[in-house]
Amino acid sequence: MSSLTPDQIKTLEQSRQRLVQLTHSLASLITSLNQSDPLPSWTSLQSQATIISNNLLTISDHLSDNRDLLATLVAYPSPSYPSRNPANTVALEQLLRTKLDPRVEDWVARGRKAAGAAGNGNGLDDLGALAELWDWAPVEANQEARRRNWGGNFTLEEREQGVGNVVTGLRRVLEDDDDDSESEEGESGEEEGEGEPDEMEIVGVRRKSGVGQGLEFDIAPVSATAASGPGHAGQQKVVAPVVPLDEILRFMTVGIMPSQR
Amino acid sequence: MHELLLFASVPAHQHHELLQQLAGLTAMQPRHRLERRLVFKAYRKPGLVTTRVGASQDVQGADLQRLNKMLNGGMYYTQVVGPVTKADFGATSLSAMSASHDADVSMSGTDQSSYCYENQPWKLEFRDIPEAGTRSAVTTRLMASASLPKGDIAVPMNAWGYSFVTEYMVEGDVFVQNDIVIFLHRVLLYPQAESQDLHGPRRQLPAYHELTPLERTGSYVLQAAITVQDGSNQEMMKTASQHLFGLREQLKSAVRLEQADRLSLDTRAK
C-alpha cells in the first residue's frame, strides 16, 4: 500500500472544501428558513438554491473527475491517531465504516427510487413528447413560412417603422428595392429579365415562395416520417437499464434479488 | 489464480451493435454460451470439511496456502456452473438415453432432445471478495475453479457444507482478444410459479422463452477478464491491468468499462 502523492492529497482536500461549502450553504438556507419571519423573499431563496445547485454541480464534477482515485482509496488509522479522545473515536468510526450510515442509506434509496421513477416514467414521456414535437414542428414551421412574403432585405414591421431606423450592422447600404433582392437571389432575376421590376419582383417572390412551399411540402412528410421513425423506434428501443450494474453483480454473486435490498 | 475484471452495463438497444463491434475488434465470431449457475452458501464452519474441493494439488505454494485458508477459514458463497444448450430447454427429462449423442463436447452427456440432469457436467467456481485498497482501477480477486462430478450436485455440495441458495441462467456471448476474455451476458430467471421444491437445483429446464431477464429492460453486462496464474507477481498483474485499460480505451466510444463496486461482489457469507 503506497502512501498518497501530494496531488492526491490535494484532491481529497478539495473535496473536503467543496463539501464544507455545500454544508455551509445548506445550513444558511435552513437558518434563513427557520429564523426569518416572514419568510425570506423568493429572490433570496432562489439565489440560495442556485448557489446550492452550483455547489452540488461542482462536487459531482469533482467526484466524477477523480472517481478512479476516490473509489480506490481506503482509510486506515495510523498508530499516532489519538483515538482515546471520545470525539476522535466518533470520527474514526465514521471513517472506518464500510457501509453507509443507515440514515444515509435511506437517503440513497430514496434518491435511487426517485431517479428510477424519473428515468422510467418521465423519461419515456419526454421521449413521447419529443417525438410529438418533431411530428408537429415541420408542418407548423411550414405553415408559418407560407404566411410570410419572402424576399427583400427588411421585414414588414421594419418597413412600416421606416427603413432608415433599422440597424443592420452592415457597411454597404441595403436598398429596400426589389432589384437588389432579385439580383442577390440570382435565379429569379435572370429569368425575369428587366420587365417591370416591381411586378416581376412580386411575381418572382411569390413564385419563389410557392416553390419553397412545394419543396418544403415534398420534404415535410418525408422529414416528418424520418423524424418520427427513429423517434418512435427510439421510444421502444432506447431504454436505460433499470437495475444498476451493482445490483446485477450482487445477484449473480449471492442471489439477492435487486428489489429485496 | 487471480482474476482482473472490468464491467460495463450495456442497454438492450446497444447489444446488437456492440456484438458487431466486438466481433470486429476481436476478429472472431461470438461464441454463444448458456450456463446454469447455482449459488451455494457455506452454512457451517467448514472446519469439518475434509474433502478438499477440486484438484488443489495443481495449485502450488503460496496460492495453495491462501486457497486453503479461503476454503477453511471463512465462509463463502460459491457458484456451481453447468453449460447447457438451447436444445435442453423445455424438454422432458428422460432418464433413458437414446443412442444419438450431441456432438458438442461439453454436452456429450445429453441427449439431443432431452435434458438429463444426471449427466449435467458441473464446475465449481470460487471467487473471493475483490481485493481492497489496490490503487489500480480494476477489480482484482482471487479465484479458483474445479471440475465437479456430473449429475445431482446438491448432495455432494451439502456434504461439503454448502447449502443451495438459488439458481439462474446466464446467457451471452464470449469473445477472446489476446489475453482478455470478453463476456457479454445477462441473467435469466426461471419462471416462478412452480410447485417444485426450491430447496435444490431444478431437474428439468423450462422452455427457453419462459425465462425472464433479471433486468427487465433486457440490458446486458459486459465483463472483460484476464486470469493471472501467479497473483503474487506484481509485474504480471500490472501488465494484465494495462491490457484491460487498453481495451477500455478501445471501447471508450461504445461502452464505459469500469471497476465494479467491491461490496457487490462480496462473496463472504455473513
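Me: How many helices and strands does the secondary structure of chain A come to?

Reply: Keep in mind that this is a predicted model. Count the elements, then read their order. Chain A comes to 10 helices and 0 strands. Along the sequence, the pattern is α-α-α-α-α-α-α-α-α-α.

Me: What percentage of chain A counts as buried?

Reply: Burial is a neighbour count: a residue is buried if 20 or more other C-beta atoms lie within 10 Å of its own. By that test, 8% of the 261 residues of chain A are buried.

Me: What share of the contacts in chain A with a separation of 6 or more comes from residues 24 or more positions apart?

Reply: Look at sequence separation for each contact. In chain A, residues 24 or more positions apart make up 57% of the contacts with a separation of 6 or more.

Me: In which sense do β2 and β3 of chain B pair?

Reply: In a regular strand, side chains alternate between the two faces of the sheet. Now follow the bridges. β2(B), residues 31-42, and β3(B), residues 77-84, pair in the antiparallel sense over 8 bridges. Phe40(B) has Thr78(B) in β3(B) as its bridge partner.

Me: Over how many bridges do β3(B) and β4(B) pair?

Reply: β3(B) and β4(B), residues 122-127, pair over 3 bridges, in the antiparallel sense. Gln79(B) stands opposite Glu125(B) in β4(B).

Notes:
Residues numbered from 1 in each chain as written. Chains lettered and ligands numbered in written order. Predicted model: local features only at pLDDT ≥ 70, side-chain atom pairs only at ≥ 80, totals over all residues. Pairing = 2+ DSSP bridges. Helix = DSSP H or I, 4+ residues; strand = E, 2+ residues; numbered from the N terminus. Buried ≥ 20, exposed ≤ 12 C-beta atoms within 10 Å, placed from the backbone. Contact = placed C-beta atoms within 7 Å.
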